[in-house]
Every structure is written in C-alpha cells, then in structure tokens.
Amino acid sequence: MKARTKYVAFFLLPAFTLIAVFVVYPVARTVTLSFFNESGKFVGFANYVRVLSSREIINVEGFRRGFPLGALVHNLLWIAIHLPVTLSLGLLLAVLLKNVRGGSIIKSIIFLGMVMPMIVGGVMINFIFDRNLGIFNAFIKLFGVQPKTWTAHPDTALLSLISGSVWLWTGFSTVLYSAGLETIPKDLYEAAQLDGASPFKIFTKITVPMLRPITIVVITMTLLWELKVFDIVYVATMGGPGGASNVLALQMYLYAFRAMDFNRSAVVAVLMTVSTLLVSLPLLRTLKEDQT
Amino acid sequence: MKTKTLLVSLVGWLLALIWILPFVGVFMTAIRPLDELLKGWWNFSTFRPTLNNFVGAWNHPTASLSKGMLNSLMVAVPATFLPLFLATMAGYGLSRYRFKLRTPLLALIVVALALPQQTIAVPIFQMMNALNLVDTYLGLIIVHTAWGIPWITFFMRNFFTTIPKSMEEAARIDGASDITIFFKVAFPLAMPAVGSAFALQFTWVWSDFFLALILVYSPNKLLATQRIPLMRGVYHVDWGLLSSAAIMVMVVPISVYLLLQRYYIKGMIGWSLK
C-alpha cells in the first residue's frame, strides 16, 4: 500500500504541481479579482454590473444603429452563424468526399486552415477581403458589385471575420465527420438498400443518428473556438473599426493590458470561463460513462 | 451511376480549388513584385517571379523573421518535450492506479482543457513578474508546459487504458519496479500516441500568439507569430512582405502536419473523441 502511494506520487506529482500552480491558482485568482476593486476592497457583483452594462460588452444602441453591438453580442453572433455553417458544411463534405477519387487529398487541403497559426489565418482573411488584392472582390466584381476592403467597414467587418473563420475551421468538422463515417458498419447501409430506402432516408435515419457522438464533440469544440476566438481578430481588425468586430477575448486583453484594469478584465475572463465550462459539460459526462 | 460519381468528384475538386485559392494567392503575392500585384495576383500578363520579398521578411530591419523563427524554436522545443514527458507519466499513473483522488483529478484536467487562456492571463503575468520571469523564454516555456499538460495527460491516459497490461505484468513477475516498467515497457509502447501528442503540442506552441503577447515584449525576443502583425507597412500594407512572412511562419506547422499526418489526425480525433 505504501509503495503504491509512492508510485502514484512519482507519476502524478510533477504534472499536477504545475497544473495547480500555473492553471488552478491563476483561475482562482482571476475569480477573486473579479469581485474586488482596484484598491482591494470587496465589491460583490459591482464589477459585473459595470462590465455588462458597458458599451464594449453589450451596446444596446447598436441594435438600432448597427455595429458595434458589443463584444458579447458579437461572440453570440459568431456562434449563431459559424456553428451551423461549419457543422453542416463539414458533414456535407465528409459524405461527399467519401466517394471522390483523391478525397483524402481534398480533405488534407481543407484541413490546412486548422494547421496554420491563427495569426497567419487572420492575415489571410484580410488578404481574401482586401479591396485590391482580394479574390473575394475579384469574384463579386463579376456580378457588378463595388469592391471594398470588407474587413475595414463597420457593417461588414465582423461578418468577414466569421466567414474567414468558416474557411479556417471547416476542415475540423470535415475530418472528424470523415472519421465518424468510417465507424458506421457497412451492413447497416446494405440492409437499408435492400429494403429499398432512399438515399435521403438512409442519410437521415442511419448516417445522422450514428454520427451523434461525433456531432457532440464537433459542436463542443466549435463552440469553444467561437467563445475563445482571439488571434484572427487581433491581427485582422483589432476589433475595429470602432469596435465593430470586437470579441470577448480581445476585450479582456484590452481591459487588462491596455487600460490596466485587471478587475474588469477578470470579469470578462470569468464570463468566458463559465460559458466554456457549460459548453464542455457533455465532454465531462462522457468521462463519467467511461469510469464504469 | 458512372456520371454521378464523376459529377461528385468534380464538385469535390472544385471545392478543394476554392479552399486552396487564398493559399495560392498568398504564394503568388509573395513571389511577385509589387507592380505586378496591382493588376491582381491572378493576372499573368507579365510574370517575373522573385525571392526579394522572402529576403526582405527574413532580414526585416525591425521584425526580422530569421530571428523570430529561431526564437520560436527555442520556446517550442522545450515547451513540447517537457509537457510530453511529464504528462505521459501522469497519464500512465491515472490509467494504472486506482486511488481516491483519481476521478477528481481526471475531471480537473478535462475542465482545464476547456479553459480560455484569458482566464489565467493576468495572474500569470503578475506571477511571472514577481518571479522576474517576464520577458524571458523560461517563463513562457513554464506556462506552455503547464498549459499543455492537461490535454496530453488526458490523451495519454486514454491511450494507456486501451493497451493490455499483460506485458507490464510479465515484467513485474520478473521483479521490475513500477518505475522501471514505465520506462522500459509502457513508454516505448506508447510511442505512436507520443508521436500524436508531439505533433499537436509542437504545432500549438509554435502557433501560439496570446501567451507570447502578454509575456514577451523586447523587440529582439519577439517570437515569429508576434512579428507577423509588425510586418505591415506604416502607411499601407506591404502585401509582398506580409505574404512571404506568413508563408515562412506557417511552413513549420504545415510541414509537421504533412510529415506526421497520420499521427496528427489521430491526435486530433483521439483527443476530442475519448
């Protein structure tokens, strides 16, 4: 018994000491910071009220006048657009490419967006939407639309970033769904075909239900990306123009390292943390099933 | 049936073409002089490829990429191997021993997986400041190590639970201690999983921007990713320079991906699936 404890400590202690000091403690400290003011006085939820009612986080006026709508709303918009698009596009591509000659090469190409540094991803988004050099403008010019730098206009900056993010992130759902399709037994399809089921019926009654566990993972990871997105916004627009493409992660950085307001930045960090933890609950649940 | 397969293939390749166009564009912009770009990188009425942009970015006066890539390497190598080693040990421990704290520790690392870096940013900065480790690579390496350990531990634990214990038990009968068994039997067996974790951790540390942004600021110490935003011109965007810099910075993780593709994808799927 004693010897076993010794071994457990040998294997676990170095790793978990680092986690305790450089992950757990900072998280606790951030939570504390969010309840205190600059001079170290406990203020309850005052910081939260201040942050949530600020123009940077939720801009009520924006709902009448247009962007900026506030970082929190922008993140929600990101989720509302980016999640369904990457999810369905990934599933579509995975199913489509299954029977394409060289499909794995195409998947590798689509996956490249996931492999490059996101700071480069942000530069690429700027490049796609640039007035003179952007392929997007070259394309829409064919339809007679005036070219412009889409990331530099308040009403299109956020949407440009979100579409750029679709370009970067679809590789993830495609690759995961492709792996998921491999796990579906072939005889299920054969049986359905023998029974005369239509391709649409096979897709909705076999493929989609069998992919449920993968879908949970894809949704979780995609939501985490949408809540944490930082690099591409930092390099492409710096949240601009005039905050029109700002997001929570960037606002946290601006509060902390530009305005030197650690308490307000802590509030934003806590809001982000709570939402990411809520999102990852399904993953924790799979862990529980795993225990038996 | 034949025409349908052909049609599907055609659509697939068309999509691949659309997806890769921005890469082609960046590449063309990097290898062509500015006056050719003004007509669009897709215009080939004249085509005089040059490496000037690459040389310019590599030796940039204020954001030299040669220095940046070297700096990134100096951070990424230790910040890959250190967590890899410690987390493989931890993952092994979590898979092979039953003890009271096991489930809470597992839950802790899963929770840590989801955390945004913003949650630790300010306290980490203050701690590193107190330790005199701000603006040093050691500080950044420590944070990357601590940050990488949860997911690698989780990944390695999942791997170890799938491999049978029979070989380890055979070694135990021969009188080997648990520590010897780990280093002589389990660790070598885990090489494919270690390969996956290596590919992902190295890529992520190389690609990191946020932690570097808050911890490293001296101009000569800036990492490769930090120099990208500095590559823009002051009055206008120098796309040639920026494109070649972007290519050089992404060539490293993309090479890792292409060389270790099977491990890379396995890591991505294994880590997120189970």
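Where is the place of D135(B) in chain B? I found D135(B) in the loop between α7 (118-130) and α8 (137-162) of chain B. Helices, I noted, are DSSP runs of H or I of at least four residues, strands are runs of E of at least two, and both are numbered from the N terminus.

I recorded the basis of the entries next. The model is predicted, so that local features need pLDDT of at least 70 and side-chain atom pairs count only at pLDDT 80 or more, while totals for chains, interfaces and linings use all residues. Residues are numbered from 1 along each chain as its sequence is written, chains are lettered from A and ligands numbered from 1 in the order in which they are written, and side-chain values use heavy atoms, with hydrogens and water left out.

**Entry on positive phi**

I looked up the phi of D135(B) and read a positive value near 65°, in a residue other than glycine. D135(B) counts as buried because its relative accessibility is 7%; buried means under 20% relative accessible area, exposed over 50%, and partly exposed in between, with a 1.4 Å probe and protein chains only.

I then turned to M238(A), which is not a glycine but has a positive phi of about 55°. M238(A) sits in the loop between α12 and α13 of chain A.

**Entry on cis peptide bonds**

I found that G240(A) and P241(A) are joined by a cis peptide bond with omega near -5°. P241(A) belongs to the loop between α12 (231-236) and α13 (248-258) of chain A.

I also noted a cis peptide bond between F67(A) and P68(A), where omega is about 0°. I located P68(A) in the loop between α3 (62-65) and α4 (71-97) of chain A.
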